[in-house]
Amino acid sequence: MKTFFKQFFRIKDTPHKIAAGAAAGIFLGVLPGPGLTASLLVASIFRINRLAAIAGALETNHWTTIFMFPLAATAGCFMLGGNRISLIDQFNQIYSLGFKLLFSKEILLDIMLPLSAGFVVVSGAIALFCYILTFSLIKIHRKTVAV
């Protein structure tokens, strides 16, 4: 993590653009699916730092999804109602069947909606925390270097 933040001190851009790029990359890196390409696209569209977005996405690659899954299930069930353990068990049963039933109404509404909502909330919270932390560290670092 120390190396991760050291990279941002060397980027020549505003602290907001660097922190926003990192947060966008982290947000899309934690979500299952989008990752690196989406973070580069989002950074280009919103004119935030692309290098920081790529670094954020690479730091939170798809392996973090495994660790975020129970937290996302808990958040999704809290927001939309339901039982976290039951949701995870249903997901595991459907996952083992493959894509046969993926687009059925029950799976989309009962399993994928709570999980997706949970992942968005968890990813957003982590990205917000990282934005604040990165922005603060860059501002502090630039003040100490300038003095």
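Helices are DSSP runs of H or I with at least four residues, numbered from the N terminus. The model is predicted: local features need pLDDT of at least 70, side-chain atom pairs count only at pLDDT 80 or more, and totals for chains, interfaces and linings use all residues. Residues are numbered from 1 along each chain as its sequence is written, and side-chain values use heavy atoms, with hydrogens and water left out.

**View 1. Lys-6 in helix 1.** Lys-6 sits in helix 1, residues 2-9. Its relative accessible area is 41%, so Lys-6 is partly exposed (buried means under 20%, exposed over 50%, partly exposed in between, with a 1.4 Å probe and protein chains only). In sequence, Lys-6 and Ile-138 are 132 residues apart. In space, their C-alpha atoms are 9.4 Å apart.

**View 2. The aromatic pair Phe-69 and Phe-119.** The whole structure holds two aromatic pairs (rings of Phe, Tyr and Trp, the last by its six-membered ring, with centres within 6.5 Å; planes under 30 degrees apart are stacked, over 60 edge-to-face, the rest tilted). In this pair the ring centres are 6.5 Å apart and the planes meet at 50 degrees, so the pair is tilted. Phe-69 belongs to helix 5 (residues 63-80) and Phe-119 to helix 7 (residues 105-146), so the pair ties together parts 50 residues apart in sequence. Both Phe-69 and Phe-119 are buried.

**View 3. The aromatic pair Tyr-131 and Phe-135.** This pair is stacked, at 5.8 Å centre to centre with 15 degrees between the planes. Both residues lie in helix 7, four residues apart, about one turn of the helix. An α-helix has 3.6 residues a turn, so residues three or four places apart point the same way. Tyr-131 is partly exposed at 22% relative accessible area. Phe-135 is partly exposed too, at 27%.

**View 4. The kink in helix 5.** A kink of about 45 degrees lies at Phe-69, shortly before Pro-70 (the bend is the angle between axes fitted to the seven residues ending at a residue and the seven starting there). Buried residues of helix 5 include Met-68, Phe-69 and Ala-72. Gly-81 follows helix 5, and its phi is positive, near 85 degrees.

**View 5. Leu-113 in helix 7.** How accessible is Leu-113? Its relative accessibility is 42%, so Leu-113 counts as partly exposed.

Notes: Helix = DSSP H or I, 4+ residues; strand = E, 2+ residues; numbered from the N terminus.
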